[in-house]
Amino acid sequence: MEVVVFTSDKYVSLLDRFAYLFNKHWGKDQRVNVLGFSPPKLSLPANFNFISAGRQTDFPKGAVCEPFRPILESLNTDTFALMLEDAVIIDKVDRPLLDRGVSLLESNAASKIELFLGARYQYLSSRPFDENFNVYRQDMDYRYTACQCLIRKDYLFKYFDQPTMWDLEINNIPKAKNDGHTLLVPRGKPIAPWINTVVKGRFNKKQYDKMLQSESGRNFGWNKFQKLNDEEYEIFKSLSGWVAQ
């Protein structure tokens with residue numbers, strides 16, 4: 001399985017934090033391919049491989065599929081873990097659950113598996129699949145999301161033809177409904193919990209405010225795994241003045 005991280009020139013400065021927390025919680029033994037345009041100014045860990053799609057200005061504004069699809073097609077694998085650089089892992093990856101998920105993808109028993117537990121309405125409407133995973137309903141909204149998941153290459157490319165990441169989700173809402181693919185979410189505990197550090201080019205103040213209002217000062221969501229430990233909290237808070245350049 002390949003781990004792939006999407007980035008852009010405006011967000012590439014987030015990669016050092018992403019890489020640090022990835023290696024802390026996933027491990028330095030996992031190779032990571034970062035797909036972007038201009039390389040980061042700071043050096044990445046040895047297990048991170050930066051692949052440039054060329055100059056970002058040569059592509060339409062916000063383009064993801066056009067520059068990155070040829071690179072994804074060239075990777076010799078049928079399964080990916082796809083992530084964005086602004087969504088950092090916040091706690092230990094459950095390696096047995098990860099391995100079980102990969103095996104389900106490789107056997108074509110599933111097409112996509114969430115790394116976390118999804119939105120509350122998504123999780124609560126899911127149904128048991130096996131002892132480790134629940135399955136999403138065929139008529140659920142936002143069935144197709146390209147990142148923060150384990151995904152089969154053929155399923156990824158079925159819908160990977162939109163101009164921007166936003167369009168990739170919004171335009172595929174009706175297309176992905178009742179498409180017959182099995183989409184799973186971890187049952188009870190996540191494979192790899194994560195947090196969006198940035199939203200719309202700025203620090204994710206909404207999540208920060210949720211933490212301040214929580215009893216522990218660290219919880220930011222509907223399930224108990226949406227909580228930051230001390231180091232993760234400090235890294236998240238260090239982005240409070242960050243703005244996409």
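Okay, let's start with a pocket. If you sort its lining residues by class, the second largest pocket has eight nonpolar, three polar and four charged ones. Before I go on, keep in mind that this is a predicted model. The pocket has a volume of about 210 Å³.

Now for the helices, and helix 9 is the one to follow. Find helix 1, residues 15-25, and helix 9, residues 230-237. These two pack at an angle of about 170°, and their axes are 11 Å apart. Angles over 145 degrees count as roughly antiparallel, so that is what we call helix 1 relative to helix 9. The crossing of helix 1 past helix 9 is left-handed. On the helix 1 side, the contact uses R17, Y20, L21, K24 and H25, and these meet E231, E232 and I235 in helix 9. By class, the residues of that contact come out as four charged, three nonpolar and one polar.

Next, helix 8, residues 205-213, which also packs with helix 9. Here the angle is about 135°, with the axes 11 Å apart. Helix 8 and helix 9 are therefore oblique to each other. Is their crossing left-handed or right-handed? Left-handed. From helix 8, Q207, Y208, M211 and L212 meet Y233, F236 and K237 of helix 9. That contact has five nonpolar residues, one polar and one charged.

How values were computed:
Residues numbered from 1 in each chain as written. Predicted model: local features only at pLDDT ≥ 70, side-chain atom pairs only at ≥ 80, totals over all residues. Heavy atoms only, no water. Axes fitted to C-alpha atoms, helices over the stretch in contact; angles between N-to-C directions. Helix = DSSP H or I, 4+ residues; strand = E, 2+ residues; numbered from the N terminus. Parallel < 35°, antiparallel > 145°, perpendicular 65-115°, else oblique. Left-handed = near helix turned anticlockwise from the far one by under 90°. Contact = heavy atoms within 4.5 Å. Nonpolar A, V, L, I, M, F, W, Y, C, P; charged D, E, K, R; others polar. 1 Å grid on protein atoms, 1.4 Å probe; cavity = no way out; pocket = protein on both sides within 12 Å on 5 of 7 lines; lining within 4 Å. Points joined across faces, edges and corners; volume = space filled by probe spheres on them.
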